[in-house]
Amino acid sequence: MRPTEEVASLLVGSWSLVSWVQTDATGHTHFPFGEDAVGCLIYTGEGRMAAHLMRRQRTLFASENRRESTSDERAAAYLDYFSYCGPYTVQQGAQTVTHQVEACSSPNWVGTDRVRAFRFSGDSLVLCAALTDGSKSTLVWKRV
């Protein structure tokens, strides 16, 4: 199913991460991948999406061949990078977009729906996700 046309015209395109802030249940904030995290979010007019987020300053593997990396190197790389993709649908009245996860760096997300509240502010897109532990993630994206 294609996303609602009115919102799709605003969502469709490539977005660059400006900030990712998590606020815990007590109101304390932190930056999961640092204050200078980098990311890309893509929405297509055909109803597909992909998101990539990572810590900017990641430790390099000793070898150029990732299969020769150590378990510690792989663990650090995994914890500093997150991505997923799949179809999306827009619930215009609720101001939410649902990402139906087909592939993800975290296997527990595969086959799940991730609902994000959205709003537009100038050329920025703000996505908010309520997490099961009572915290909230707020991601600000700028159109590329």
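The legends below describe close-up views of a predicted model.

**View 1. The aromatic pair Tyr43 and Tyr88.** Six aromatic pairs are found in a search of the whole structure. In the pair of Tyr43 and Tyr88, the ring centres are 4.7 Å apart and the planes stand at 70 degrees, so the arrangement is edge-to-face. Tyr43 belongs to strand S3 and Tyr88 to strand S5, so the contact ties together parts 45 residues apart in sequence. Tyr43 has a relative accessibility of 1% and counts as buried because the cut-off is under 20%. Tyr88 is also buried, at 0% relative accessible area.

**View 2. The aromatic pair Tyr84 and Trp109.** The ring centres of Tyr84 and Trp109 lie 5.2 Å apart with planes at 65 degrees, so this pair is edge-to-face. Tyr84 sits in strand S5, whereas Trp109 is in the loop between strand S7 (103-104) and strand S8 (113-121); the two residues are 25 apart, and their pairing links distant parts of the chain. Tyr84 and Trp109 are both buried.

**View 3. Surroundings of Trp109.** Phe82, Tyr84 and Trp109 form a cluster linked by ring pairs. Over the face of Trp109 lies Arg114, 3.9 Å from the ring centre.

How values were computed. Residues numbered from 1 in each chain as written. Predicted model: local features only at pLDDT ≥ 70, side-chain atom pairs only at ≥ 80, totals over all residues. Heavy atoms only, no water. Phe/Tyr/Trp six-rings, centres within 6.5 Å; stacked < 30°, edge-to-face > 60°. Helix = DSSP H or I, 4+ residues; strand = E, 2+ residues; numbered from the N terminus. Buried < 20%, exposed > 50% of the residue type's maximum accessible area, 1.4 Å probe, protein only. Lys NZ or Arg CZ within 6 Å of the ring centre and 35° of its normal.
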